[in-house]
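These are my notes from a first look through one structure.

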Amino acid sequence: MAKFGKKKKGTPGISTASLPDIVFMLLFFFMVTTVMRETSLKIQQPVLPKATEVKKLEKKSLVSYIYVGKSKDGTPGDKIQLNDRISNVEEVKSFIFAERAERKEIDVPKMTTSIKADMEANVGTITDIKIQLRDINALKLNYSTRKGSALDNIKN
């Protein structure tokens, strides 16, 4: 007598027909939501000084940038740009307070202020900014530089 057994059916394979649709949908989402540039410079593009000991910032979302350089319209003296507007030294405090208000309370001690100053910028302007930052206890400070020898900064 012959035995008839039931055919065993395995689990069906995962359909990958909708995979391209999902990939393109995610690609489109990230292209739409990505912010490429937060501020447009109203000062001339700063020529950053060179330094030998360069370290990258870890969390760029916790960095507030202060730009120092010459104005594009040619007015004399150094200009300070905070976000998208030219400001004076006295407005640095309110700028940092506004930046702190946008962050979570746990992230405030991790915040860093980065000064992107032109190589030809007046040291007095940078010192005034540092005094304003010290007054409000914003002590984590970073100077943006390029990698290279510091001797390259000295003009003959």
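Which residues lie nearest the centre of the largest pocket? I found Lys60, Val63, Tyr65, Tyr67 and Lys116 there, among 30 lining residues.

Before going on I noted what I was working with: a predicted model, where local features need pLDDT of at least 70, side-chain atom pairs count only at pLDDT 80 or more, and totals for chains, interfaces and linings use all residues. Residues are numbered from 1 along each chain as its sequence is written, and side-chain values use heavy atoms, with hydrogens and water left out.

**Entry 1: the largest pocket.** I looked up its volume and got about 950 Å³. A pocket here is an open set of points on a 1 Å grid over the protein atoms alone, where a 1.4 Å probe fits, with protein on both sides within 12 Å along at least five of seven lines; a lining residue has an atom within 4 Å of a point. The volume is the space filled by probe spheres set on the points, which are joined across faces, edges and corners. Strand S2 (63-70), helix H2 (92-102) and strand S6 (141-143) each give two or more residues to the lining of the largest pocket. S2 has the largest share, with 4 residues. I took helices (H or I, at least four residues) and strands (E, at least two) as DSSP runs numbered from the N terminus. By class I listed 11 nonpolar, 9 polar and 10 charged lining residues. In this scheme Ala, Val, Leu, Ile, Met, Phe, Trp, Tyr, Cys and Pro are nonpolar, Asp, Glu, Lys and Arg are charged, and the others, Gly among them, are polar.

**Entry 2: the second largest pocket.** This one holds about 190 Å³. It is lined by 13 residues, and Pro49, Ala117, Asp118, Ile126 and Tyr143 are the closest to its centre. Strand S5 (112-117) and helix H3 (123-135) each supply at least two lining residues, and H3 has the largest share, 4 residues. I noted 8 nonpolar, 3 polar and 2 charged residues in the lining.

**Entry 3: salt bridges.** How many salt bridges does a search of the whole structure find? I got 5, counting a side-chain nitrogen of Lys or Arg within 4 Å of a carboxyl oxygen of Asp or Glu. For each partner I also looked up exposure (buried under 20% relative accessible area, exposed over 50%, partly exposed in between, with a 1.4 Å probe and protein chains only).

- Lys70 pairs with Asp78 at 3.4 Å; Lys70 is partly exposed at 34%, and Asp78 is buried at 19%.
- Arg85 pairs with Glu91 at 3.0 Å, N to O; Arg85 is partly exposed at 47%, as is Glu91 at 24%.
- Glu102 pairs with Arg103 at 3.5 Å; Glu102 is exposed at 59%, whereas Arg103 is buried at 18%. Shared partners join Glu99, Glu102 and Arg103 into one network of salt bridges.

**Entry 4: the core.** I counted 16 residues in the largest nonpolar core, and Ile66, Val68, Ile80, Val92, Ile96 and Ile129 have the most contacts inside it. Such a core is a set of buried Ala, Val, Leu, Ile, Met, Phe, Trp, Tyr and Cys residues joined through side-chain atoms within 4.5 Å. S2, strand S3 (78-82), H2, S5 and H3 each give two or more residues to this core. I then followed Ile66: leaving aside neighbours within four places in sequence, its contacts (heavy atoms within 4.5 Å) include Ile80, Leu82, Val92, Phe95, Ile115 and Ile129.
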